[in-house]
Amino acid sequence: MRVVITRDELNREMERCKASVINRIVTEHGITDMIGFWEKRYDGHYPREILQQQAMDTLAVLKVQERLLQERELWPYKHYSELLSDLDETNKERARIVSEGGVIYGPINYNELIFFDYRFGNAIIQLKKELAEEGELIIEEKDLLDHFNKLKGSIYKSGELYEDYTRQVRDDYVERIYASYIAELGKGVEVVFHEEM
């Protein structure tokens, strides 16, 4: 499967991945002086190359999910530019409401990353629900109980009852099987870069 990304999407994900890439390189190489960090090579690669690759890997996973969302009409954007236009319109509307003395929840102006996460996160919640209803994500009571028992000693203390944590256990279990489902769908994804779309 081929997925197409734009410069805006790549930049957004590079911004998201930046701290984790810096932290990983600093930890692996025991770096204490950040002077010249971006110009040095680590294991034969510049940090920017590592950052770009991690962002592209992240985008491959996001694009697999985006395709699932579009198939179910849960994602209204065919191109990233449409999301950016919606961001602009949303921010204008929120500013108008505030200027007229109205109340809004959340920021007056979303930035690109927060707006994407907000829209995408809400769509993914609905996608998981639909996948479970369709039987693509199989959630059986026995599996939930087994999952709870595996988490005892780490998240849950011995003596705590599954019945007291049913929703939390189910949510965590769904996250895990959804991640596996997406990873399977994402095998062999080829990321293609286009400057404008």
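Which residues line the second largest pocket? They are Ile-125, Lys-128, Lys-129, Ala-132, Ile-139, Arg-170, Asp-171, Val-174 and Glu-175. Before going on, note that this is a predicted model, where local features need pLDDT of at least 70, side-chain atom pairs count only at pLDDT 80 or more, and totals for chains, interfaces and linings use all residues. Residues are numbered from 1 along each chain as its sequence is written, and side-chain values use heavy atoms, with hydrogens and water left out.

**Pockets**

- A pocket here is an open set of points on a 1 Å grid over the protein atoms alone, with protein on both sides within 12 Å along at least five of seven lines, and its lining residues have an atom within 4 Å of a point.
- The second largest pocket holds about 180 Å³ of space, where volume means the space filled by probe spheres set on the points, with grid points joined across faces, edges and corners.
- Two elements, α4 and α6 (166–185), each give two or more residues to the lining of that second largest pocket.
- Sort that lining by class and you get four nonpolar, no polar and five charged residues; Ala, Val, Leu, Ile, Met, Phe, Trp, Tyr, Cys and Pro count as nonpolar, Asp, Glu, Lys and Arg as charged, and the others, Gly among them, as polar.
- The largest pocket has about 240 Å³ of space.
- Its lining has 13 residues, and Val-4, Lys-63, Glu-66, Gln-70 and Lys-78 are the ones nearest its centre.
- For the largest pocket, β1 (2–5) and α2 are the elements giving two or more lining residues, and α2 gives the most, with four.
- The classes in the largest pocket's lining are five nonpolar, three polar and five charged.

**The cavity**

- Searching the whole structure turns up one cavity of 30 Å³ or more; a cavity is a set of grid points where a 1.4 Å probe fits but cannot get out.
- Glu-9, Glu-66, Trp-75, Tyr-77, His-79, Tyr-80, Leu-83 and Phe-116 line the largest cavity, which makes five nonpolar, one polar and two charged residues by class.

**Helices α2 and α4**

- Helices (H or I, at least four residues) and strands (E, at least two) are DSSP runs, numbered from the N terminus.
- α2 (residues 47–71) packs against α4 (residues 112–134) at about 60 degrees, with the axes 10 Å apart; axes are lines fitted to C-alpha atoms, for helices over the stretch in contact, and angles run from 0 to 180 degrees between N-to-C directions.
- That is why α2 and α4 are oblique to each other (under 35 degrees is roughly parallel, over 145 roughly antiparallel, 65 to 115 roughly perpendicular, and the rest oblique).
- On the α2 side, the contact (heavy atoms within 4.5 Å) uses Leu-62, Gln-65, Glu-66, Leu-68 and Leu-69, while α4 brings Phe-116, Phe-120, Ala-123, Ile-124 and Leu-127.
- Those contact residues split into eight nonpolar, one polar and one charged.

**Two other helix pairs**

- α2 and α6 cross at roughly 100 degrees, their axes coming within 9 Å, so they are roughly perpendicular to each other.
- Val-61, Val-64, Gln-65 and Leu-68 of α2 meet Tyr-178, Tyr-181, Ile-182 and Leu-185 of α6, a contact with seven nonpolar, one polar and no charged residues.
- α1 (residues 7–29) and α4 cross at roughly 95 degrees, with axes coming within 10 Å, so α1 is roughly perpendicular to α4.
- Here Asp-8, Arg-12, Glu-13 and Arg-16 of α1 touch Glu-112, Leu-113, Phe-116 and Asp-117 of α4, and by class that is two nonpolar, no polar and six charged.
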